[in-house]
Amino acid sequence: MAPGNGSQGRHAGNGGEGEGPSRGFRPASVPRSGSAPRRPGNGRKTALVAGCAAAAVLAVVYLAGAFTFMDRFMPRTTVMGEDVSFKTSAEVQDLLADIAKSYTLDVSGQGFSLKLTSADMGTGINVQGVTDAMHADANPWAWPVEVFGSRDETDRLATSNGKLEQAVRTAVDAFNEGAMPPRNAGLDYDAGSSSFVVRTETAGTALDADRVLASVSAAVASLAPSATLGEDALQQPTLFADDTRLAKAADDANALLKADFNLKLADTAVARVNADQIADWMRLGDNVTVGVDEGLVAAWVQDIASACNTYQARRTFTRADGKEVTVSGGVYGWIVDKDQLQKTVMDGVRSAQTGDVAIPCEQEAGAYDGLHGRDWGKRYLDIDLAEQHARFYGDDGSLAWESDIVSGTPDGEHDTPEGVYVINGKESPSKLIGQMEPETGKPEYQTEVRTWMPFVGNYIGLHDADWQPAFGDARYASGFGSHGCVNLPVDKATALYDLIATGDVVVCHW
């Protein structure tokens, strides 16, 4: 029994534990009584669904924002100080159009003042273009980031046209009429030292129209209310005193100032070439080199020639007996060779010529007393057509011979010509032959004379006229006038022939 009781006791003593391995523990895979079994993927699926829903909401919000800002402007967007946040393109375009119509610009600075209205400037805004440009400045697809920024789109305005440029340039041109232009550095002649010195540049007060237009255009482009011109709007010098080329140019110029010579006609100095005169011809070139301007020399030579060319000029002089005479025309007088004179001057400057230099001439006279003065010496023959009297003055200017005359018939064809001439030759005896008559084919006349002293070519001259019964008075106009020659009594003609020489001056005047 004991073994049996002991066995029973162990069973009873364990209570429920003797069967523990078979009844006391449940496997983890065995569900509890009364609950449904769970699948391991249900939680993850729920999270995924929730995430997709949230993403969909965000996408809708993102797309809504993107589409909204495709036509509306981002927060904190301004134009001309106007807040256009969330405004549509159409609303902003209306705003810009109003701004353009009422826009004015005040331009000032450097003594210049200009008020421009929209009408003056022809101001207009391409409102479609401006709003397109403004939208291009912000990416609607990046609106979640863009909304946190701020932007001023004033510089996107596009205004004006050619009318603005015309208005500005016209105003600047009018201003510059009374303004001082800039002056480049250069060379100035100092008469006191007879030398060139370097001159400092100056800015002046004239405006640079291009620079003013740039300032105004920039202001108009942003529809700014004013534009202030600084010193950079002034016209500026382009050559400055510290340019080493100027120092060399001054040295070169001074080297050409050493000439000092007189230009003379006969015994009269009519011009002087010295440092003062040469300085007037000196010019500084664009390449900052210096030299004598031959064009200026040529102009100066022309002035000299005009003052010295007495050929056919009007002369006024006082005859030895006190009569004041004026005579014009003839073939006698100075004719300056301008080309040779210019060469003479240029050569003299380059070689530092000094002393006296004769003016080269194509034709010379005996004296010079100004353009309208007497240009012959003391020796000459005076034929006074008004007095019908001729006088010959010798080498010392004293009266050596005189005689009454008969001059040409005053009919417009046979008049004795007025002017200053020279004796072209002498012939004794001589035959005077007139012009051929077409009707007869024979000379108008053929006359033997004892003396012939021509002074107009070989067809007008002085000669004896034994066929004239008397001389002087007004016989030349009373049917006794010649074919143009000066008729003399035989003895007077012979005496003059012995005194006068080829080349002697003949002054024939009224």
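Reader: Before anything else, what do buried and exposed mean here?
Author: Buried means under 20% relative accessible area, and exposed means over 50%, with partly exposed in between. Please keep in mind that the model is predicted.

Reader: Is aspartate 375 buried or exposed, then?
Author: Aspartate 375 has a relative accessible area of 0%, which is under the 20% cut-off, so the residue is buried.

Reader: Where is its place in the chain?
Author: Aspartate 375 sits in the loop that runs between strand S17 (361-363) and strand S18 (380-384).

Reader: And what is aspartate 375 in contact with?
Author: With neighbours within four places in sequence left aside, the contacts of aspartate 375 are Thr310, Arg315, Tyr332, Gly333, Trp334, Ala365, Gly366 and Ala367.

Reader: Let me step back. How many helices and strands are there in the protein?
Author: The protein has 14 helices and 27 strands. Of its 510 residues, 38% are buried. Counting contacts between residues at least 6 apart in sequence, 66% link residues at least 24 apart.

Reader: What is the mean pLDDT?
Author: The mean is 87, and 86% of the residues reach 70 or more.

Reader: Where does pLDDT stay under 50?
Author: Residues 1-35 stay under 50, and for this stretch the model has five contacts beyond four places in sequence. Where pLDDT is low, predicted coordinates should not be read in detail.

Reader: Changing topic: what order do the strands have in the open sheet of three?
Author: The order is S10-S9-S16, and the pairing is mixed. Strand S10 (268-273) and strand S16 (354-358) are the edge strands, each pairing on one side only. From one strand to the next, the twist averages 30 degrees.

Reader: In which sense do S9 and S16 pair?
Author: Strand S9 (residues 260-265) pairs with S16 in the parallel sense, over five bridges. Within S16, alanine 358 stands opposite lysine 264.

Reader: Which strands does helix H12 touch?
Author: Helix H12 (residues 294-308) packs on the sheet and touches S9 and S10, and its direction makes about 170 degrees with that of S10. Another helix, H13 (residues 338-350), lies across S9, S10 and S16 and runs at about 160 degrees to S9.

Reader: What should the residues of H12 span, and how far apart are its end C-alpha atoms?
Author: At 1.5 Å a residue, the 15 residues of H12 should span 21 Å; the end C-alpha atoms are 20 Å apart, which agrees.

Reader: Which residues of H12 are buried?
Author: They are Val297, Trp300, Val301, Ile304, Ala305 and Cys308. Viewed down the axis of H12, the buried residues fall within an arc of 145 degrees, and therefore they line one face of the helix.

Reader: What covers those buried residues of H12?
Author: The cover includes S9, S10 and H13, together with helix H11 (275-281), strand S12 (290-292) and strand S15 (335-336).

Reader: On to strand S25. How many of its residues are buried?
Author: Five of the five residues in S25 (residues 460-464) are buried, so the strand is mostly covered. Ile460, Leu462 and Asp464 point one way from S25, while Gly461 and His463 point the other way.

Reader: How many bridges join S24 to S25?
Author: Four bridges join strand S24 (residues 452-456) to S25, and the two run antiparallel. Methionine 453 has leucine 462 of S25 as its bridge partner. The hairpin of S24 and S25 has three residues between the strands, and glycine 457 there takes a positive phi near 55 degrees.

Reader: And what joins S25 to S26?
Author: Three bridges join S25 to strand S26 (residues 486-488), and these strands run parallel. Leucine 462 has valine 486 in S26 as a bridge partner.

Reader: Where is the place of aspartate 473?
Author: Aspartate 473 is in the loop between S25 and S26. Although not a glycine, aspartate 473 has a positive phi of about 55 degrees. Its relative accessible area is 66%, so aspartate 473 is exposed.

Reader: What phi does phenylalanine 86 have?
Author: Phenylalanine 86, which is not a glycine either, has a positive phi of about 65 degrees. The residue lies in the loop between strand S2 (82-83) and helix H4 (89-102). With a relative accessible area of 42%, phenylalanine 86 is partly exposed.

Reader: One last point: is the peptide bond from serine 428 to proline 429 cis or trans?
Author: That bond is cis, with omega near -10 degrees. Proline 429 lies in the loop between strand S21 (419-422) and strand S22 (430-433).

Notes. Residues numbered from 1 in each chain as written. Predicted model: local features only at pLDDT ≥ 70, side-chain atom pairs only at ≥ 80, totals over all residues. Heavy atoms only, no water. Pairing = 2+ DSSP bridges. Axes fitted to C-alpha atoms, helices over the stretch in contact; angles between N-to-C directions. Contact = heavy atoms within 4.5 Å. Buried < 20%, exposed > 50% of the residue type's maximum accessible area, 1.4 Å probe, protein only. pLDDT = per-residue confidence, 0-100. Expected span 1.5 Å × (residues − 1). Arc of directions from axis to C-beta.
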